[in-house]
Amino acid sequence: MSDLESRKNFRVNFITVRKLTSKADAFEYADQVLERWYPTVEEGNNKVIVVLVTSQKEGAVTGGPAFVQAVGEKVLDATVSENLPGTSYLSFFIASL
């Protein structure tokens, strides 16, 4: 993670929870965390939030505009739909940045 941050200036935050207690799904929760931790576009531009919900076996990846532009919506969707909460592709995905 430190290599990714130093080379590409993306800060990846992993959040693991047993279950979500709100009505939000993993995507909504990830978006809420991104907005709460980084309230302005400038602060959240190069930030990434990866959420893993262990009891529900679901996950989400979201990030600021620079991250989404660098990765692309298609890759983000494929990462989540095909591989989360597993991390094998996620490791490759982060390494390819």
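The model is predicted, with local features requiring pLDDT of at least 70 and side-chain atom pairs pLDDT 80 or more, while totals for chains, interfaces and linings use all residues. Residues are numbered from 1 along each chain as its sequence is written, and side-chain values use heavy atoms, with hydrogens and water left out.

The protein contains six helices and three strands. Helices (H or I, at least four residues) and strands (E, at least two) are DSSP runs, numbered from the N terminus. Along the sequence, the pattern reads α-β-α-α-β-β-α-α-α. Of the 97 residues, 40% are buried, that is, under 20% relative accessible area with a 1.4 Å probe and protein chains only.

The three strands form an open sheet in the order β1-β2-β3, with mixed pairing. Strands β1 and β3 are the edges, and each pairs on one side only. Pairing requires at least two DSSP bridges between two strands. On average, neighbouring strands of this sheet are turned by 15° against each other, direction ignored. Strand β2 (residues 47-53) runs antiparallel to β3, with six bridges between them. Val-51 stands opposite Ala-60 in β3.

One aromatic pair was found in a search of the whole structure. The ring centres of Phe-10 and Phe-67 lie 5.5 Å apart and the planes meet at 80°, so the pair is edge-to-face. Rings of Phe, Tyr and Trp (its six-membered ring) pair if their centres lie within 6.5 Å; planes over 60 degrees apart count as edge-to-face, under 30 as stacked and the rest as tilted. The pair links distant parts of the chain, 57 residues apart. Phe-10 sits in the loop between α1 (2-8) and β1 (11-17), and Phe-67 in helix α4 (residues 65-71).

The largest pocket holds about 160 Å³ of space. A pocket is an open set of points on a 1 Å grid over the protein atoms alone, with protein on both sides within 12 Å along at least five of seven lines; lining residues have an atom within 4 Å of a point. The volume is the space filled by probe spheres set on the points. Twelve residues line this pocket, with Phe-27, Val-61, Thr-62, Glu-73 and Leu-76 nearest its centre. At least two lining residues come from each of α2 (26-37), β3 (58-63) and α5 (73-83).

Technical notes. 1 Å grid on protein atoms, 1.4 Å probe; cavity = no way out; pocket = protein on both sides within 12 Å on 5 of 7 lines; lining within 4 Å. Axes fitted to C-alpha atoms, helices over the stretch in contact; angles between N-to-C directions. Buried < 20%, exposed > 50% of the residue type's maximum accessible area, 1.4 Å probe, protein only.
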